[in-house]
Amino acid sequence: MSYRFYLPRKEGGDQTGKKILAVDIGGTKTSFGVFEVNDNKLSLIREETFGSRSLGTFEEILQKFLTTGNQGMPDVLSIGVAGPVLENKVTLTNLSWELDATSLKTEFDIEKVSIINDLEATAYGLVGLSAEDTVPLFESAETIRGNMVVLAPGTGLGEAGIFWDGEYHRPFATEGGHSEFAPRTELDVELLKYLQQEDEIISWEHVVSGPGIYRIYKFLRDVKGNKEPTWLKENFKNNDNPAAVISHAAMRELDATCSLAMDLFVSYMARESASLVLKHKAVGGLWLGGGIPPRIFPLLKKDLFRQQFIQNAHMKHLLEKVSIRVILNSQAALIGAGYYGAFGADK
């Protein structure tokens, strides 16, 4: 990729030969990757993924990974986490884990430990992706150098900004996925009231996420009276990922309720994407990451996403100029954590 990110140790010192242990902690799975630095690039030499709830604590999973490999101790441990990182500490949003970089450094005797938000890591991951790792959803006729944003629905909804300072792009974390859902139509208001039976304050993450897809579907089934065929009911019983069942049925046009649920999901994702772009004046582009966009790309490629994205009372002309790309590489956050660990600024 041709983006210049602020990674000061990439230009200011030789990191060749250093081993970086990158970790991407999500609500469902935790991925580990050992990278070696060669010519200011990272080479993946070992990778392993664990269920995030497979062991009691992150420290136990880390110990298991370190003791089962033969690559030796890393020089740097760089962790991307789904949660707000403050002073190199974090309490994870969807797991009962608390991580402290200073404690990890002492316990595992690692030279440097960094903790950053997983969407900040995804943004840094753009440094290590090839052209084949992304696919355009919409390419603007104009190339505008400016801020960019990343929106990534998966188990939750992650959002990050990438500030353009005139010379470098500088990723930063946000917790925008937890801002309040904004209903627009009468159906949206009905959905809001239905979801408020679960929580008083409904965020965008409630609807723009894997669990959000199932919430939308259940609203259409239980409140709007849409019928659920027997074969679909059986599929839900036999699959622990109802969002995947719904999106699969929608992409193959097997069930009208699933199709409507995914249309609403795509619309909500487009509307929150537009809000994210406007709040950051991200004329440099929108990146869609996370686990869901690559899997539902045929639905995103239809007119609905962009129609909803550019629909705005006063800024349609700006939104129409924004290029939109989908990140296909599921390791983007892991790669980004590795690049940040190898070349990022010391905290």
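Let's start with T257: leaving aside its neighbours within four places in sequence, this residue is in contact with Y217, L220, N226 and K227, where contact means heavy atoms within 4.5 Å. The model is a predicted one, in which local features need pLDDT of at least 70 and side-chain atom pairs count only at pLDDT 80 or more, while totals for chains, interfaces and linings use all residues. Residues are numbered from 1 along each chain as its sequence is written, and side-chain values use heavy atoms, with hydrogens and water left out.

**T257 and its helix**

- T257 is found in helix α9, which covers residues 256-280. Helices here are DSSP runs of H or I with at least four residues, strands are runs of E with at least two, and both are numbered from the N terminus.
- Is T257 buried or exposed? It counts as buried, because its relative accessibility is 5%. The cut-offs are under 20% relative accessible area for buried, over 50% for exposed and in between for partly exposed, using a 1.4 Å probe and protein chains only.

**The six-stranded sheet**

- Take 6 strands in the order β8-β13-β12-β9-β10-β11 and you have an open sheet with mixed pairing. Two strands pair if DSSP finds at least two bridges between them.
- β8 (134-138) and β11 stand at the edges with a single partner strand each, so one side of each has no neighbour in the sheet.
- Neighbouring strands of this sheet are turned by 25 degrees against each other on average, with direction ignored. For angles in general, axes are lines fitted to C-alpha atoms (for helices, over the stretch in contact), and the values run from 0 to 180 degrees between N-to-C directions.
- Helix α12 (residues 303-310) packs on this sheet and touches β8, β12 and β13 (324-327). The direction of α12 makes about 135 degrees with that of β12.
- How do the strands hold on to each other? Strands of a sheet pair through backbone hydrogen bonds, either parallel or antiparallel.
- Strand β10 (residues 157-164) pairs with β11 in the antiparallel sense, over 5 bridges. I162 has P171 in β11 as its bridge partner.
- Strand β9 (residues 148-153) runs parallel to β12, and 4 bridges join them. L151 has L288 in β12 as its bridge partner.
- On to the next pair: β12 and β13 also run parallel, joined by 3 bridges. Here L288 stands opposite V326 in β13.
- Both faces of β12 are covered, with buried G285 and W287 on one side and buried L286 and L288 on the other. In a regular strand the side chains alternate between the two faces of the sheet.

**The five-stranded sheet**

- Another open sheet has 5 strands in the order β3-β2-β1-β4-β7, again with mixed pairing.
- β3 (41-51) and β7 (112-117) are the edge strands, each with a single partner, so one side of each is left without a neighbour in the sheet.
- From one strand to the next, the twist averages 20 degrees.
- Strand β4 (residues 76-81) and β7 run parallel and are joined by 6 bridges. S78 stands opposite S114 in β7, and I79 stands opposite I115 in β7.
- 6 of the 6 residues of β7 are buried, so this strand is largely enclosed by the rest of the structure.
- Helix α2 (residues 58-68) lies across β1 (19-25), β2 (29-38), β3 and β4, at about 125 degrees to β3.

- H178 lies in the loop between β11 (169-173) and α5 (186-195), and S203 has its place in the loop between α5 and α6 (210-222).
- H178 counts as partly exposed because its relative accessibility is 37%. S203, at 7%, counts as buried.
- Not counting residues up to four places away in sequence, H178 touches T93, S203 and E205.
- Apart from its neighbours within four places, S203 is in contact with G177, H178, S179, E180 and F181.
- H178 and G27 are 151 residues apart in sequence, and 15 Å apart in space from C-alpha to C-alpha.
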